[in-house]
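Keep the coordinates open beside the text.

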Amino acid sequence: MNFSIIGGDLRTIKLAEMLSKENEVYIYGLEESNVCESTDISKEEKDKISKCKSLEEVIHKSKIILGPMPLSKDGENINAPFSKEKIKIKEIIERLDEEKTFIAGAIKKDIYEINRKIKIIDLMEKEELTVLNTIATAEGTIQVAIENTERNIQESKALILGFGRVAKVVAKKFKALDAYVTCAARKEEDMAWIKTLGYEATDIRKIGENLKDFDIIINTVPQMILTKSELRYINNNAIVIDLASKPGGVDFDSAKELKIKCIWALALPGKVSPITSAEYIKNTIYNILNKV
């Protein structure tokens, strides 16, 4: 089978190398990466990875076109940190015919309307991958906390805003490191699960003055949660880590004004564990294609 890969981060590089063990791989938008330089793959596998000179060439080579995770950061161009040029999403989708399948992550709905002839699959809608990705996100959050605080995580007071997939795993990992974990939610069933799992529970709609009690505050809710009125209660020695996708859940301008350390930790799986994340992506892609 042939795979064409356009753009992407470290996960994409590792994915290309993994796919080359069994397939021909054609890449574009990775010209400034170290793809094929790994000592983990053989010369034969490296020879199966071909760098294409144009968008038209890479699309022509395969029926399966793989984009990055997330597909875009600005809504217009492919997420391609290892490319000097901007690769417009619209130009890719318009070039595809009905024999092509386009697979990427976090695809906005308007992309589907550009070309209805092709099959578009969003990896982030696959439960198996989103659940496994929470592991890397949680471990990356721990790394961010360790690197940006002057306290041990053990006995630190951690507040996690939200109780979705990511929050559940983050809470578990921090509790395993003997932090005092409080989870903030609004649904009654979430509050019940929080207590059942041994965490402290608080109503996310009532956070405010109680924020002063926490050393580490982690937001997982993709909407504005920590505005200036909430941020003013946070201790200057605390750290706020926002894991939510754009537009995020923290008023960073107000945080800067109040001298509160805030870190918007996006795409942690690709930064802290690209090999494991690539394995998850590869397995998910294979499962999708087997079903097709």
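This is a predicted model: local features need pLDDT of at least 70, side-chain atom pairs count only at pLDDT 80 or more; totals for chains, interfaces and linings use all residues.

The bridge partner of Leu159 in β8 is Thr182. That bridge belongs to the pairing of β7, residues 157-161, with β8, residues 180-185. The two strands run parallel and share five bridges.

Now widen the view to the sheet. Six strands build it, in the order β9-β8-β7-β10-β11-β12. The sheet is open, and its pairing is parallel. Strands of a sheet pair through backbone hydrogen bonds, either parallel or antiparallel. At the edges sit β9 (200-203) and β12 (261-264). Each of these two pairs on one side only. Neighbouring strands are turned against each other by 20° on average, with direction ignored.

Next come the helices on this sheet. Helix α8, residues 188-196, packs on the sheet and touches β8 and β9. The direction of α8 makes about 160° with that of β9. Helix α6, residues 127-148, lies across β10 (216-219), β11 (239-242) and β12. Against β11, helix α6 runs at about 155°.

Then turn to the empty space. Rolling a probe the size of a water molecule over the atoms shows where such space is left. How much space lies in the largest pocket? The volume there is about 1300 Å³. Its lining counts 40 residues, and the closest to the centre are Pro70, Ala106, Met124, Leu243 and Ser245. Helix α6 returns here: α1, α6, α7 (165-176) and α11 (268-272) each supply at least two lining residues. By class, the lining has 21 nonpolar, eleven polar and eight charged residues.

The second largest pocket has a volume of about 200 Å³. Thirteen residues line this pocket; Gly162, Phe163, Ala185, Arg186 and Asp190 are the closest to its centre. Seven of the lining residues are nonpolar, three are polar and three are charged.

The structure holds one cavity of 30 Å³ or more. About 90 Å³ of space lies in the largest cavity. Of its 13 lining residues, Thr12, Leu15, Gly67, Pro68 and Ile281 are the closest to the centre. Which elements give two or more residues to this lining? They are α1 (10-19) and α12 (274-291). Helix α1 gives the largest share, three residues. The lining of the largest cavity divides into nine nonpolar, two polar and two charged residues.

Key
Residues are numbered from 1 along each chain as its sequence is written. Side-chain values use heavy atoms; hydrogens and water are left out. Two strands pair if DSSP finds at least two bridges between them. Helices (H or I, at least four residues) and strands (E, at least two) are DSSP runs, numbered from the N terminus. Axes are lines fitted to C-alpha atoms, for helices over the stretch in contact, and angles run from 0 to 180 degrees between N-to-C directions. Contact means heavy atoms within 4.5 Å. On a 1 Å grid over the protein atoms alone, a cavity is a set of points where a 1.4 Å probe fits but cannot get out, and a pocket is an open set with protein on both sides within 12 Å along at least five of seven lines; lining residues have an atom within 4 Å of a point. Grid points are joined across faces, edges and corners, and a volume is the space filled by probe spheres set on the points. Ala, Val, Leu, Ile, Met, Phe, Trp, Tyr, Cys and Pro count as nonpolar, Asp, Glu, Lys and Arg as charged, and the others, Gly among them, as polar.
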